[in-house]
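Subject: Structure for you to look at

Hello,

I am handing over the structure we spoke about.

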Amino acid sequence: MTDAVLRYTDVSLTDGQSARWAGGMTTPMALALAQRLAATRPAAVEIASMATLQQCVARGENPWQRIELLRERCPGVPLRAALSLLTDHGKRGCDVISTEVATLWLRELAQRGVSEIVLIDPLLDIERMAPVLKAAKSLGLTTIAALAYAQESTRSDDDLRAKASALGDAGADRVMLRDEAGLLTTDRLATLLPALRRGLGTTPLDLHLRCQTALAPMVALEAVRLGIDGLDTAFAPVANGASVPALGTLLKSLRLLKQGTPVGDQLLHAVGEAGRLLAEMADCHGFAPARAWVFDLAPYAHELPGEVAAQFMRKLAAAGLSPQLHAFANECARVRSEVGALPMLAPFARPIAEQALLHLQGVPRYAEIRPGVRRALQQVYGAASKDVDARLARRVGALPKAAATSVDALHAAHPEASDAALVISQTCGVAPQALPASASPEALRYVGVTPAEALLAGLTARAAPYAQLSVQGPGVSIQLQGTEG
């Protein structure tokens, strides 16, 4: 155990709500939580990612306004954003975010008070990452390079050590081991962490865990014992399951074990207050309670990252296929192998899972090829680590490599667009003019609405043509008279 202060970074506003609430946390909800979040005094708060940008745009919210207002409501707390260099929207010319566009993205974040960035390249292309890390440092940003952990990584500590060393040499201030599928065990960590330390030297090492196998809370405790420098956590209502470990439970466990930074009652109270507000929001908006998933071997086969795992567990349940979870997991592994053993991260994981679900539902194998699988076979994002299935490769055909669109070309094509709008167009695959306008202060005020109230409002809006509308249920009794005729 080292004497350094352990850093906790809160990801409730990004990965937590994406995994637990399917990205349903609106800007008013995030702003309502911000003060209680800041009161827990985390080392940093992650407020933006590729996914949250897309979620905001889909809801008609301005993601840049969200960042600015969160900066105002979290004074004194460092803000973090996660950037991925690969997109999943399929728009030609921006499958890979160019260094120029990434630099625009970084500048827009820095101007709005973001001070830390996590840089993710699922293919871990150091030549792609190095200039972006350099650009971030020139803007005064703390750079954290992501090192993805996958099941095949169990074969060699030396492989991951070499990759971590390369990220440090490329200029990363910190390196983050990201176990997006929840595959790490305490035994694996015992050999892996020392190996990564040897590769990184004095560069700090952080850890991002998911809880799909239910092992992550225990792995997090072991990581603290072994001297990890930073952990990503979330408040309980958006933790566990496909999300990250819950901060409150982790702090209480560390206090009992007398490990890590001393935990006071004031901190636990602040964490509890933030959790209570999130629980109230979940209840008001009908989000499922945050229950831990039981241990299962399926994630070791499908390796789906948090949000995608949660989405496809819901899809299996809705289709009555939950008993076939392991068949689905094995089909994910088979599809993944056939498209070149690509990392199960965006932009590859979701289309691979979609393809596997089609096959599970009885569609003949590859009678239909999902667009994302097609693009993976065509290697538009870069070369796969292994050979793709030759028959499938011939079927989809080659696709000429498209050069990344330059910033000058973007400005020439959209002379009225701001840099902020151009970043959104590239990362979200929309036209620059599709960037939503900023909302009024009144529109950003959070007002909780219970499911029963939402039901009543919907029925009232539709009641006019009917003589009478009646709804009965547990705790609900609604009787409405129509106004026509």
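What follows is a short account of what was found.

Please keep in mind that this is a predicted model.

Salt bridges

The count comes to 32 salt bridges. One of them joins the side chains of Glu108 and Arg112, at 2.5 Å from N to O. Glu108 counts as buried because its relative accessibility is 7%, under the cut-off of 20%. Arg112 is buried too, with a relative accessible area of 15%.

Another salt bridge is formed by Lys137 and Asp173, whose closest N and O atoms are 3.3 Å apart. Lys137 sits in helix H6 (residues 126-138) and Asp173 in the loop between helix H7 (157-169) and strand S6 (174-179), so this pair ties together parts that are 36 residues apart in sequence. Both ends are partly exposed: Lys137 has 41% relative accessibility, and Asp173 has 28%.

Helix H7 also holds both Asp159 and Lys163, four residues apart, which is about one turn of the helix. Their side chains meet in a salt bridge of 3.3 Å, N to O. Asp159 is partly exposed at 34% relative accessibility, and Lys163 is partly exposed at 32%.

There is also a network of salt bridges that links Asp15, Arg178, Glu180, Arg210 and Glu307. The C-alpha atom of Arg210 is separated by 18 Å from that of Ala288, 78 residues away along the chain. Ala288 is found in the loop between helix H11 (265-285) and helix H12 (298-302), and is partly exposed, with a relative accessible area of 48%.

Aromatic pairs

There are three aromatic pairs. Among them, Phe312 and Phe328 are stacked, at 6.0 Å centre to centre and with 15 degrees between the planes. This pair links distant parts of the chain, with Phe312 in helix H13 (residues 306-318) and Phe328 in helix H14 (residues 325-338). Phe312 is buried at 1% relative accessible area, and Phe328 is buried at 0%.

Phe348 and Tyr381 form an edge-to-face pair, at 5.4 Å centre to centre and 90 degrees between the planes. Phe348 lies in the loop between H14 and helix H15 (349-360), and Tyr381 in the loop between helix H16 (371-377) and H17, 33 residues apart. Phe348 and Tyr381 are both buried.

Surface charge

Arg374, Arg391, Arg394 and Arg395 gather on the surface in a patch of positive charge. Helix H17 (residues 390-396) gives the most to this patch, with three residues. Arg395, which lies in helix H17, is partly exposed, with a relative accessible area of 43%.

Regards

Methods: Residues are numbered from 1 along each chain as its sequence is written. This is a predicted model: local features need pLDDT of at least 70, side-chain atom pairs count only at pLDDT 80 or more; totals for chains, interfaces and linings use all residues. Side-chain values use heavy atoms; hydrogens and water are left out. Patches are made of residues with over 30% relative accessible area and no salt bridge: like charges are joined within 9 Å, nonpolar side chains (Val, Leu, Ile, Met, Phe, Trp, Tyr) within 5 Å. Accessible areas come from the Shrake-Rupley method with a 1.4 Å probe; for residues, only the protein chains shown count as cover. A salt bridge is a side-chain nitrogen of Lys or Arg within 4 Å of a carboxyl oxygen of Asp or Glu. Lys and Arg count as positive and Asp and Glu as negative; His and the chain ends are not counted. The place of a charge is taken as NZ of Lys, CZ of Arg, CG of Asp or CD of Glu. Helices (H or I, at least four residues) and strands (E, at least two) are DSSP runs, numbered from the N terminus. Buried means under 20% relative accessible area, exposed over 50%, partly exposed in between (1.4 Å probe, protein chains only). Rings of Phe, Tyr and Trp (its six-membered ring) pair if their centres lie within 6.5 Å; planes under 30 degrees apart count as stacked, over 60 as edge-to-face and the rest as tilted.
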